[in-house]
Amino acid sequence: MTSYDTARAQFAEWGIDTDAALARLKTIPISMHCWQGDDVVGFETRSGISGGGIQATGNHPGRARTPDELRADLEFAYAMIPGTHRLNLHAMYLDSDESPDRDALEYRHFAPWVDWARDQRIGLDFNPTFFAHVKADDNLTLTHPDAGIRAFWIEHGRRSREIAARIGSELGSPAINNIWVPDGYKDTPIDRMAARARLEASLDEMLAPEHDAATLRDAVESKLFGIGVEACTVGSHEFYLGYAIRNGTVLCLDMGHFHPTESVADKLSACALSVDELLLHVSRPMRWDSDHVILLNDDIQAVANELVTGDLLDRTHVGLDFFDATISRTAAWIIGTRNMQKALLRALLQPLDTLRDAETALDFTTRFTWTEELRDLPYGAVWAEFCAQADVPCGQTLIAQMAAYQASVADRG
């Protein structure tokens, strides 16, 4: 009898079918973010980024410097992660001999990514890049008082949607096009309403061209504040929640974009009653939006539990958003993505009928004692079986392979 056989029997004693949980987990893709691999530099220039409140800490050896290096790193990471997943690509990560400005981007500048994704059998998501640009130096893009600057960014957003829709068509899987802008004010503004009216009008114009939902899903992402916009972030949670409800967009909830004591898990069911689809950017805000690599901690587990107990898995797109340059970038991808999967697995390994019945009967003692005793079940053995079925390593074998790959790229300048 294997360790998994023993674990399966132990879970069965609590009315939990581990085989069913593993089968369901295989169907849940995680959209891994490209910007962990190169510290949010992108391939428009090689000089790094400026402005927009985006920064990565550290200078660990091995940063990807070209699209080919980034794709090689991604291929290694995907090979260490069970399941079939996606890549979230920012508009600043074009792969082209040309250097178009952002209002001139076209699908052909990203075609090599699509060819690669097709070979890798993964889906692609997309993001317009509204930061790290001379026309974003004031931390104002779609809300800028200058109509010419707004027009530049509106055109960038429209072209990003066209690119994403073509990507979705080419790959046969709808691309999530996620819109986040850094707009706001460092000190208290006089007229918040005017700024938010400009943002609404810009979004309306940008989203006006119709695209097939089978190829494109538009998402909008809020933020609490950013560097340089501490007094007012125009695209707040309340703004985008209302916008998504009125316009039928996907609503993105980034775990780093709220007060540290707010629970994103609690927001899922509340928002899901008013919007059809949700997008998660899973992050670990050790100090607000610090974008640490996610751990298998209580916050991540609470989100996974809510997705399962609220029956939200089929309405939620799970993506990641962290960047840490103090450690191996490939290790960050691998451990972070696997931790999200581990949390989902634990959420699937719950006797939901029993727990729901106890709660409905106001038997909070049973709910409490069962959830605590379930913590002692051998989840690790079930996870190891999931890895074995996907033929990917775990434990010390995984660590050794990650270390070997990191050594192979450590000489990148």
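I began with Arg121, which is exposed at a relative accessible area of 71% (exposed means over 50%, buried under 20%, partly exposed in between, with a 1.4 Å probe and protein chains only). I worked on a predicted model, in which local features need pLDDT of at least 70, side-chain atom pairs count only at pLDDT 80 or more, and totals for chains, interfaces and linings use all residues. Residues are numbered from 1 along each chain as its sequence is written, and side-chain values use heavy atoms, with hydrogens and water left out.

**Entry 1: positive phi**

I noted that Arg121 has a positive phi of about 60° although it is not a glycine. I located Arg121 in the loop between helix 4 (111-120) and strand 3 (123-127); helices (H or I, at least four residues) and strands (E, at least two) are DSSP runs, numbered from the N terminus.

I then looked up Asp291, another residue other than glycine with a positive phi, here near 55°. I found Asp291 in the loop between strand 9 (278-282) and helix 9 (298-309). Is Asp291 buried or exposed? I recorded Asp291 as buried, at 6% relative accessibility.

**Entry 2: strand 6**

I turned to strand 6 (residues 216-221), where five of the six residues are buried. Which strands pair with strand 6? I found that strand 4 (residues 175-179) pairs with strand 6 in the parallel sense over five bridges; pairing requires that DSSP find at least two bridges between two strands. Within this part of the model, Asp218 is the bridge partner of Asn177.

I also traced a parallel pairing of strand 6 with strand 8 (residues 250-254), over three bridges. In strand 8, Val250 stands opposite Ala219.

**Entry 3: the whole protein**

I counted 14 helices and ten strands in the secondary structure. For the 413 residues, a compact globule would have a radius of gyration near 22 Å, and the 22 Å of the protein agrees (taken over C-alpha atoms; the rule is 2.2 Å times the number of residues to the power 0.38). I read the span of the C-alpha trace along its principal axes as about 70 × 55 × 40 Å.

I noted that 53% of the 413 residues are buried. Of the contacts (heavy atoms within 4.5 Å) with a separation of 6 or more, 80% join residues 24 or more positions apart.
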